[in-house]
Structure formats: structure tokens, C-alpha cells
Amino acid sequence: MHKKIADSWKNILQKDFEKTYFKELSTFVNSEYLNHICYPREAAVFAAFDFCSLEDLKVVIIGQDPYHGEGQANGLCFSVKDGIKHPPSLKNIFKEITTDINKVYPESGNLEKWAKQGVLLLNATLTVRAHEAGSHQKKGWETFTDEIIKQISEKKKNVVFLLWGKFAESKINLVNRNKHKVFLAPHPSPLGAWRGWFGSKHFSKTNTFLKEIGKEEIDW
């Protein structure tokens, strides 16, 4: 499974690939894909890393689980394939963007264009069984993705971490806040959006910070 991850990430994660937990995770995931319908498709499990190299990384957005409905998940958190109806959280993300930076609400919910600009759209769990939310949690993915966050914190500087909701906020201690910029907000789901997601202005704040440190802003 790990052979499919982009080289820039593979180099810093090689030790984890050799650990017992990851071998057990690989066995579990391979069995799930063989015996059940799972998302995203196998080739897209590591899509977040394929589109965003470690060298180009500017921003990290942390999600929890891939979408578990048919045709939705494409390997990037909060993102859906072209032509798929926008889930509620993604709708609220786009609504905030329209008011924050005066952008037109997009037709496609595919966030690949963000990833290609250096935004790592990282789900804590990278796979899920169809129509069973959380079905691949606590199998090893969280250990793996926590290590990714730690490695980013250690090896990079001035990365923007956008932590939305309690689950994402729980990762804050993995980040060296003396080296990186962290913005917190409620989750963009309908439950949290009116408690401070709307008006959080994370997209303009991110671009202001990137501009201050001499990096190209993200075209959200």
C-alpha cells in the first residue's frame, strides 16, 4: 500500500512503513478493499500527497474521515469529485470563502486546485467502508497521519495549520507553534458553522500571512 505514496513523503515516512502497526494497517485495508466497497478508490488513498509535495507545502487542513457515499471521496479532505453534489460542510466552506475574499461560489467541489498550490488536505483516517462512517478509525491510520503532522512541524517552517472543530484542534500539540501559524475555528458543518465558522476569515488570514513571509497566496 505505502509504495503508492509520493517520493517526497515516502522519504520521511519510511520508518513508519516498517513498523508493526503500519503492516497491520496495510493488511486490514487490503482485506477491506478486497471484501467490501471502500472509499476512496485505492489509487486515490494517498491523493493528498500526490497533489501536494512536501517541498511545496504551505497550508495543512485536517479532516477526520473520507466521505462514505458513492462517488464522493477523492482522497482530499472536504473535497468531492467533479459533478458531485456539495456536502453540507463543503457548502459552508465555499460560503465563507465568498464572503471572506469575495469569490464566486464554485461549481465544482473538487479541491485538487488547492492541493496543487501547496494545501495538504489531510484526513486523519484515509479510508472508509461504504456507508459506514468511522469504520476504518482506530486501525492505525491516526498513528500514521499524526506522524505526518509531526514531521511537517519538525522539517518545515511557516506552515499554516487550519484546525476546524474539536477533532482537528486535538492535533494542535503535534505542531510547534513557535515555527508555524495556527488558526482555529468551529467545524464548518451545519452544527458548528453558526458558532463562529462564518466570519472566521481563515482564507484571507492565510493569504495575509503567506504574503508577509514572501510566499505566493492561495487562489481559493
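Four strands make up an open sheet, in the order S3-S2-S5-S6, with parallel pairing. (Strands here are DSSP runs of E with at least two residues, helices are runs of H or I with at least four residues, and both are numbered from the N terminus; two strands pair if DSSP finds at least two bridges between them.) At the edges stand S3 (119-123) and S6 (181-185), each with a single partner strand, so one side of each has no neighbour in the sheet. On average, neighbouring strands are turned by 20° against each other, direction ignored. The model is predicted, so local features need pLDDT of at least 70 and side-chain atom pairs count only at pLDDT 80 or more, while totals for chains, interfaces and linings use all residues. Residues are numbered from 1 along each chain as its sequence is written, and side-chain values use heavy atoms, with hydrogens and water left out.

Now look inside the sheet. S2 (residues 59-63) and S5 (residues 160-164) run parallel and are joined by three bridges, with Val-59 standing opposite Val-160 in S5.

Next comes helix H6 (residues 141-155), which lies across S2, S3 and S5 and runs at about 150° to S3. Axes are lines fitted to C-alpha atoms, for helices over the stretch in contact, and angles run from 0 to 180 degrees between N-to-C directions. Contact means heavy atoms within 4.5 Å.

H6 also meets helix H1 (residues 7-17): their axes come within 11 Å and cross at roughly 130°. That makes H1 oblique to H6 (under 35 degrees is roughly parallel, over 145 roughly antiparallel, 65 to 115 roughly perpendicular, and the rest oblique). Among the residues that meet are Trp-9 and Phe-17 in H1 and Phe-144 and Ile-152 in H6.
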